[in-house]
Amino acid sequence: MTAPPTILQLTPLNPDFRDDPHALYRRLREAHPVYRDEMAGSTIVTRYKLARETLNDRTMLRGPDKVDPPGPFTQRLVENFERDPETGELRSFSILLMDEPHHSRVRPPIAKALYARAAKCKPLVDAIVDEKLDAVSAKGGFDVLSEFAIPIPIDVIGAILGVDIGRRAEFRDWSEGVIQVLNPFRTAEQSAYLERSGEAIRAYFEAQIAARRAHPQDDLITDVVQLQAEGADLRDAEIVSNLIGLLVGGNLTTSDLIGNGIYALLTHPSERAKLKADPSLINQAVEEVLRYDGPVDITARVTPRDMEIGGCPLKARQSVISLLRAANHDPEAFDDPDRFNITRKPVPHIAFGGGSHICIGAPLARIEAQAAILRLFQRFPDLRLARPDGKPERRTLPFFNGLQRLDVLI
Ligand code: HEM
């Protein structure tokens with residue numbers, strides 16, 4: 001390969017990428033371990049070792065507002081920052097794009113509340129999964145996404161947060177709107193969708209917080225409001241932004257993981273047979289799905305000082321994007337990396353990112369995906385693709401990797 005592809009070509013908007021992302025990723029790892037992309041205004045890292053080191057380096061910055069001079073991608077993210085009512089600073093209230101001194105103040109109470117709820121949610125998750133299985137069991141077949149992989153994470157995070165699950169269709173719709181914040185290629189229409197959804201979801205959580213202060217419940221919104229009352233240094237706007245982050249983050253990516261996992265097992269009978277013979281392999285199976293076909297393509301950092309990545313000199317305040325799925329198929333880290341093998345020697349994948357920003361929802365996503373995938377194959381041992389010769393339709397949201405639809409027969 002001479003010139004590397006632009007970042008736009010590394011999205012499902014490019015049919016070649018959509019058909020075979022790993023052909024492109026392979027060529028990039030071989031010819032361009034670290035390269036500059038002007039369209040993103042970022043340096044792109046494609047190999048496992050460098051990507052992992054970059055993500056785990058806690059001196060790296062996160063906020064797109066730190067990039068100087070600003071790039072086209074990072075500017076689009078900064079457009080949605082809010083003004084701190086106390087300091088007047090324009091900043092992210094969500095931990096996803098937050099730097100110090102705020103990140104280590106805001107993330108721990110949110111993490112404490114979420115981890116405590118996740119640690120005891122297995123019975124809830126099993127019940128939700130079984131309810132979806134019961135609903136499809138009388139049919140001859142169904143769409144795995146709309147009837148199984150999509151509703152499960154919404155119902156789970158909805159129950160954990162304590163929101164009205166009767167409004168799940170709205171939550172999904174708002175999530176699809178809000179996630180556009182991470183789509184630098186969004187159209188005017190998608191920007192309007194983002195704005196509309198952001199306003200609706202914000203108003204919803206503001207009302208929920210007020211309601212929990214008046215009438216505490218057994219749910220995560222109450223936990224966070226109580227942590228604040230007991231002294232956790234959280235602004236109300238930060239609580240709202242991060243509850244939105246949990247609802248949205250807890251939803252699209254986990255659906256994609258469940259869908260991708262079911263598809264991988266349906267198309268790899270030897271791996272499915274291993275899982276059938278030994279259901280305790282489900283943990284490893286889900287880790288292998290995260291590595292082999294993970295839901296998130298990229299995550300970014302900003303250089304805090306002049307430094308080198310893979311021998312490439314970078315000035316301070318440059319954006320650096322790690323290609324998670326390219327890294328997770330690096331033959332220097334994983335034997336036979338394009339093979340789906342649920343019993344491979346464990347090597348940590350970076351599907352959840354790393355370092356201080358590593359995904360806060362990883363424990364919950366794992367519990368959900370393990371329960372959903374295992375129970376589906378146990379309930380329907382003859383589960384098969386409705387169209388074994390065709391490829392399933394994929395979602396087209398840039399930097400997210402999942403299926404739009406997956407028809408199966410039971
Ligand atoms: C399979 C499912 C999921 C995948 C693949 C995934 C992936 C990621 C990735 C790649 C990051 C960026 C990490 C970094 O920059 O190092 C992230 C951050 C985050 N995720 Fe997830 N995620 C998943 C599920 C969830 C769930 C279930 C939740 C919430 C319940 C969630 C909430 C978040 C939040 C709040 C952050 C920001 C953390 C921070 O910056 O401190 N995610 N996730």
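Hi everyone, let's start with a pocket: α1 (15-19), α2 (21-31), α13 (252-266) and α15 (282-293) each supply at least two residues of the lining of the second largest pocket. Helices here are DSSP runs of H or I, at least four residues, numbered from the N terminus.

Before going on, this is a predicted model, where local features need pLDDT of at least 70 and side-chain atom pairs pLDDT 80 or more, while totals for chains, interfaces and linings use all residues. Residues are numbered from 1 along each chain, and side-chain values use heavy atoms, without hydrogens and water.

Back to our pocket, which holds about 550 Å³ of space. A pocket is an open set of points on a 1 Å grid over the protein atoms alone, where a 1.4 Å probe fits, with protein on both sides within 12 Å along at least five of seven lines; lining residues have an atom within 4 Å of a point. The volume is the space filled by probe spheres set on the points. Which helix gives the most to the lining? That is α1, with three residues. The lining has eight nonpolar, six polar and nine charged residues. Ala, Val, Leu, Ile, Met, Phe, Trp, Tyr, Cys and Pro count as nonpolar, Asp, Glu, Lys and Arg as charged, and the others as polar.

Next, the ligand's iron atom: its single protein donor is Cys359 (SG), 2.3 Å away. Donors are N, O and S atoms within 2.8 Å of the metal (3.2 Å for Na, K and Ca). Cys359 sits in the loop between α16 (324-327) and α17 (362-379).
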